Amino acid sequence: MSILVDADTTVICQGVTGRSGTHYSAAMIEYGTSVVGGVRPGRGGSRHLSLPVFDTVASAKAETGANTSMVFVPPDNAAAAMIEAIEAEMPLVVALTERVPIQDMIRVSDALRGGITTLVGPNSQGILAPGLCKIGVMATGSERKGHIGILSRSASLTSEVTAQVSAVGLGQSTTVGIGGDAIHGLSMRACFELFLADPETHGVIVIGEIGGTEEEELAEFIAKTKPDMPVVALVVGRHAPVRRRMGHSGAFIDGLANDAEGKIRALESAGVTIAESPHLVGEMMRQAMLVDA
Amino acid sequence: MKLQEFQSKMLLARYGIPVPRGDIALTADDARRIAFELNTEGFAVKAQVPAGGRGRSKGVVLVSSPEEAGAAARAMLGRTLVTEQTGPVGYPVRQVLVEEAVTVDRSLYLAILIDTARAEMAVLAGPEGSEEIEDKLRSAETTIERLHLAASGKPDRADAEALALRLELESRQIPAFVALLEQLASAFVENDATLIELNPLAITKSGAVIALDAKIISDDNAMFRHPDLMALRDEREDDGVEVAAQSRQLNYVRMDGNIGVVANGAGLGLATLDMICAANGRPANFMDIRTTANSLDIAYGCSLLLENPAVRAILVNVHGGGMQPCDTIADGLGIATRRTGLKRPTIVRLAGNNAEYARFRLQNFGVKVIDCPDMWSAVTRAVATVQDMGETR
């Protein structure tokens with residue numbers, strides 16, 4: 001099976017009439033994803049890509065029975081769109097929008113508390129279950145159905161690693177872009193737990209980078225629970241520009257541990273296999289799966 | 001976007017936050033005149049660069065006459081200031097702030113920032129403000145108090161008073177501190193700040209507060225609703241180039257190596273830097289092309305590389321996606337090459353959507369490239385190319 005999405009996933013697109021919304025909705029329909037409608041305030045009652053368009057998420061959900069909304073709304077209204085979907089109790093919201101202001105995400109996080117919605121993203125490439133469901137902007141063609149779960153903070157690296165995994169003869173159960181922004185929905189650890197609980201996932205690849213503390217939190221979880229499947233991690237940013245790495249006061253909060261080396265040490269001491277270089281992730285997973293078998 | 005100290009102080013003053021009297025000087029004469037007009041006994045002359053650590057690097061000087069203020073300004077202006085926060089390249093000093101010196105009875109560290117792990121705004125406050133705050137925190141010589149703010153950003157009055165007590169402020173100092181905290185929080189929310197730092201914040205015996213230094217970083221992603229802040233940016237500064245690149249859907253940071261890097265996606269960009277360093281090469285920049293960038297945006301980014309005299313070779317590492325296939329990036333490189341008339345050995349690795357078509361586009365533009373099948377071969381080829389050039393010189 002897969003995580004987050006399955007054969008019953010039905011999707012509406014917020015921002016369906018925009019350039020990105022149109023392009024990717026069409027690509028998803030072509031892939032076989034069940035896209036059942038779109039939302040665009042003021043355009044309710046019309047059709048776009050031969051899909052019904054609604055004024056609100058609530059009406060789209062009521063009319064189509066969709067259980068997933070993807071957000072392609074530009075940054076100035078993206079947070080409001082996410083909050084609308086959360087208030088409409090959409091079970092899964094996948095936000096693709098890049099460059100959402102961080103203070104807006106504080107308000108979105110506030111709206112998520114106590115609700116039923118799982119938010120993936122923003123600044124995510126989306127979710128791909130090969131051959132089953134594509135929600136998002138990822139390149140397709142290199143993916144292959146299989147048993148490796150990929151969770152990532154980076155869209156382009158996910159495409160790269162997906163191709164590597166397929167090239168060594170393995171495939172993917174699901175690839176999930178949890179989002180590259182500092183504040184986002186589904187956390188690295190929560191996504192990892194979903195993979196652990198998925199019987200079709202036999203190994204997990206984690207793609208992390210400098211900034212934040214999610215890799216450290218995941219390492220702590222893995223050290224504590226000792227999952228019995230291979231985990232390979234790639235953490236990029238060891239040689240990021242000095243001015244990007246320079247901690248200002250953010251370091252006070254993050255405990256000065258958020259550089260790449262600190263993340264790598266934390267994951268390694270938790271028993272995770274560290275990919276020596278970005279081009280070796282697929283091969284290292286292949287070897288880890290051989291040992292495991 | 002980082003605001004300079006004087007810009008930060010002007011902005012905070014609009015919220016009623018007290019700052020020292022002073023003005024900005026572009027020349028030593030200006031500095032002397034400003035000090036003269038301040039008509040007081042002590043002056044601070046402060047280099048305006050977007051980085052901290054100035055006090056330990058002679059970027060902040062205290063003097064006692066207008067003549068000395070002029071001399072201090074002369075020593076700073078036109079110089080490159082390197083502090084432990086600027087990186088080895090440093091920043092040129094183009095302007096200095098001349099202020100009245102303030103007698104400090106007690107100084108605090110006070111900041112508002114975003115606690116990303118908790119998705120909340122947080123106030124951080126330390127019982128002593130100084131440049132050494134980070135060192136002291138590391139060595140546990142001082143402590144920091146925290147106060148988390150509601151999503152609205154408004155501090156709860158009782159919480160703010162409790163914070164003041166934990167900082168051991170005296171009762172007559174508390175009202176001004178609480179008022180300042182509210183003003184600071186308004187400034188934070190209304191300017192989409194990710195950090196506002198007052199270090200030090202002076203508190204006088206009589207209970208007045210005054211921000212002796214101020215630093216504001218505003219969210220680049222929120223600039224669409226802050227044309228007033230955008231207008232403050234200085235394109236001569238690195239930050240200015242970075243902000244300009246942002247408006248063209250690129251993340252660009254100059255580094256001190258000689259291999260120009262073009263990559264799409266922050267993760268692939270960082271991975272490319274890591275691989276170049278692992279292969280003993282030195283990247284000249286970090287560049288991340290967002291999916292929303294079109295070929296003209298990308299051409300702007302490629303021009304930055306071509307016009308950087310330190311760049312000996314360009315490495316293009318691209319994994320094309322749905323909306324930004326490889327050919328969009330190839331077009332950007334082609335346009336930049338035509339526009340600038342500059343050429344550098346260009347090593348490309350194109351994967352994903354339209355990789356094949358992108359090669360044709362490059363040919364059509366007359367851009368000769370060294371085509372590599374995977375990331376690592378492209379990286380090692382770029383490093384070897386630069387090394388060969390070094391030997392033949």
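How much area is buried between chain A and chain B? In this predicted model, the figure is about 5000 Å², and carbon and sulfur atoms give 60% of that area.

On one side, 55 residues of chain A are in contact with 69 residues of chain B. Between the two chains there are 16 residue pairs in polar contact, both members being at pLDDT 80 or more. Several elements of chain A supply at least two residues each to the side that touches chain B, among them α1 (19-31), α3 (75-87) and β13 (231-236). The largest share, seven residues, comes from α4(A). By class, this side of chain A has 23 nonpolar, 18 polar and 14 charged residues.

I turn now to charged pairs. Two salt bridges cross the interface of chain A and chain B. A:Glu160 and B:Arg349 meet in a salt bridge through their side chains, at 2.3 Å from N to O.

Over all chains, the whole structure holds 27 salt bridges. One of them joins the side chains of B:Glu5 and B:Arg54 at 2.8 Å, N to O. B:Glu5 lies in helix α1 (residues 5-14) of chain B and B:Arg54 in the loop between β3 (43-47) and β4 (60-63), so this pair ties together parts that are 49 residues apart in sequence. Both residues, B:Glu5 and B:Arg54, are buried.

By contrast, B:Arg166 is partly exposed, with a relative accessible area of 40%. The side chain of B:Arg166 meets that of B:Glu145 in a salt bridge of 2.6 Å, N to O.

Finally, salt bridges that share partners join B:Glu5, B:Lys9, B:Lys46, B:Arg54, B:Glu99 and B:Asp213 into one network.

Key
Residues numbered from 1 in each chain as written. Chains lettered and ligands numbered in written order. Predicted model: local features only at pLDDT ≥ 70, side-chain atom pairs only at ≥ 80, totals over all residues. Heavy atoms only, no water. Contact = heavy atoms within 4.5 Å. Buried area = accessible area lost by both parts, 1.4 Å probe. Salt bridge = Lys/Arg side-chain N within 4 Å of Asp/Glu carboxyl O. Polar contact = N/O pair within 3.5 Å; in protein donor to acceptor, adjacent residues only side chain to side chain. Helix = DSSP H or I, 4+ residues; strand = E, 2+ residues; numbered from the N terminus. Nonpolar A, V, L, I, M, F, W, Y, C, P; charged D, E, K, R; others polar. Buried < 20%, exposed > 50% of the residue type's maximum accessible area, 1.4 Å probe, protein only.
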